[in-house]
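Subject: Handing over a structure, with notes

Hello,

I am passing on the structure that we spoke about, so that you can look at it while you read my notes. Please open it first and keep it beside this email.

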Amino acid sequence: MRYVAAIDQGTTSSRCILFDRQGKIAGVAQREHDQIFPKPGWVEHDPETLWRNTEFVLGAVLDEAGISAGDIAAVGVTNQRETTVVWERDTGRPIHNAIVWQDTRTDRLCTELAGSSGAARYAERTGLPLSTYFSGPKVRWILDTVPGARERAEAGELCFGTVDSWLLWKLTGRHITDVTNASRTLLMDLRTLAWDEQICAEIGVPPAVLPEIRSSSEVYAEIGAGPLAGVPVAGILGDQQAAMFGQACLAPGEAKNTYGTGNFMLLNTGTTPVFSEHGLLTTVCYRLGDQPPVYALEGSIAVTGALVQWFRDNLGIISSAPEIEDLARTVDDNGGAYIVPAFSGLFAPRWRPDARGVIAGLTRFVTKAHLARAILESTAFQTREVMDAMRADAESRSLDLEATALKVDGGMVANDLLMQFQADILDLPVVRPLVNETTALGAAYAAGLAVEYWSGTDDIRANWAADKTWNPSMSTADRDSRLADWNKAVERTYNWAE
């Protein structure tokens, strides 16, 4: 069998990518889906559309490559992680739109659940703060809001899952998730890798709706019908953990940063969970079969690439995302303007759900080109904040963080202006891999390892190669000045939402 297929179900599109043994792309199919905004701060997807688009790209990639299901050794799945789906066990029909990871409707619920213990109530067991970001409160909201849903859930008539579980159900009829996605629900104990019954009860999620937790790399089931009928699904990784795996960050101290709808930096901390003192998340990085799990510290930024989409779709200043680089290059700097995209509050390391987006430092001098540059720079500034938190945690826990360079991936790394500014603000080289589709590649690796398409993780390391490196050139004084102004802008986002 010549290829491994990866389903990459992301925040804005569904894709299927074929990889060969060298980790090179042999075929791609993609279809976007609508973002649904019922109210300010609410973000939804139609689960049926996510499935139809996934089914479409499975067939389309085979047609593009001129191959059949018999040429596919296994399928891996990677997905937008915390996005929450609840469906009927008998019919497979969703009872509500999927609530997307960016959605903030559960903010009051999270405050109530935090009580006198604060947002860290469950952090020691789950590695996560009580936040609208995670799946548990989203499930609770659906069960409390859809008439009859709670009673049906307690009777075992409903299934909950993140998008990986939803797709596995549609592909195989099995109700499964993996440890990386389960670690993003606020419902799993990081040490036991099992659902925490006490937390489930306190948040209000009946155990009967929960999927079975499995490793990230094993044969789960064969696909029952459709273009890839009979092919085993053998890998599941949440999108950021998949990118970590695809970047071959397999040793403690190795880190990567993914630039997508949001930004996500992960640091491999080995087989013992490390709990952050500086606003980072503790998460499962991956687990291969029955081997010990590997953990990571993560800095999650809600809005980066989504800010470019806002500039294009809401303001209409550009007609396509790549145009922002050309527009930004027509000026030398941001003209004193800073954009803080706290559309869903601020995630790591500040965790301020009360924050909302601002444009600060406006004068008559500022043009749309300065705003374009400020949009790109905001991604780099937010990444610097996460890197600083990661360094502080690494130092306090005596971890050897490899701070010699930062591996990057995702759609925005094609933007040379942004990558150069990122290197300048971090004062570190920024390295883009030869194969940029590291999220899908990581899912393919997990599936391929399970069926011995690849013999081991040494194959993954051997496949990784650098494409381009950006080296810092900004003076220390200039960097410090810009970071100070950025911090002033961020502080002006606080206390906007009640």
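Is L193 buried or exposed? L193 is buried, with a relative accessible area of 13%, where buried means under 20% relative accessible area, exposed means over 50%, and partly exposed lies in between, for a 1.4 Å probe and protein chains only.

Before going further, please keep in mind that this is a predicted model, in which local features need pLDDT of at least 70 and side-chain atom pairs count only at pLDDT 80 or more, while totals for chains, interfaces and linings use all residues. Residues are numbered from 1 along each chain as its sequence is written, and side-chain values use heavy atoms, with hydrogens and water left out.

Backbone details

L193 has a positive phi of about 60 degrees although it is not a glycine, and it sits in the loop between β10 (188–189) and β11 (194–195). The names of such elements follow DSSP runs, with helices (H or I) of at least four residues and strands (E) of at least two, numbered from the N terminus. E452 is not a glycine either, and has a positive phi of about 65 degrees; E452 lies in the loop between α14 (438–450) and α15 (457–463), and at 69% relative accessibility it counts as exposed. A cis peptide bond, with omega about -5 degrees, joins A348 and P349, and P349 belongs to the loop between β19 (338–340) and β20 (358–360).

The sheet

Seven strands make up an open sheet with mixed pairing, in the order β17-β18-β16-β15-β21-β22-β23, where two strands pair if DSSP finds at least two bridges between them. Because β17 (281–286) and β23 (466–470) stand at the edges with a single partner strand each, one side of each is left without a neighbour in the sheet. Neighbouring strands of this sheet are turned by 30 degrees against each other on average, direction ignored; the axes behind this value are lines fitted to C-alpha atoms (for helices over the stretch in contact), and angles run from 0 to 180 degrees between N-to-C directions.

With β17 it pairs in the antiparallel sense over five bridges, and here V284 stands opposite Y295, while Y286 stands opposite V294. Strand β16 (residues 263–270) also pairs with β18 in the antiparallel sense, over seven bridges, and the bridge partner of F264 in β18 is S300. Eight of the eight residues of β18 are buried, so this strand is largely enclosed by the rest of the structure. V294, A296, E298 and S300 point one way from β18, whereas Y295, L297, G299 and I301 point the other way.

Cavities and a pocket

Rolling a probe the size of a water molecule over the atoms shows where empty space is left. On a 1 Å grid over the protein atoms alone, a cavity is a set of points where a 1.4 Å probe fits but cannot get out, a pocket is an open set with protein on both sides within 12 Å along at least five of seven lines, and lining residues have an atom within 4 Å of a point. Grid points are joined across faces, edges and corners, and a volume is the space filled by probe spheres set on the points.

By this rule there are four cavities of 30 Å³ or more, and the largest cavity has a volume of about 110 Å³. Of the 16 residues that line it, the closest to its centre are I301, L346, F347, A348 and Q382. The lining of the largest cavity has twelve nonpolar, two polar and two charged residues, with Ala, Val, Leu, Ile, Met, Phe, Trp, Tyr, Cys and Pro counted as nonpolar, Asp, Glu, Lys and Arg as charged, and the others, Gly among them, as polar.

The second largest cavity has a volume of about 80 Å³, and α14 gives the most to its lining, with three residues.

Finally, the second largest pocket has a volume of about 600 Å³, and of the 33 residues that line it, the closest to its centre are A119, L130, S131, W351 and P353. To this lining α2 (107–114) gives the most, with five residues.

Best wishes
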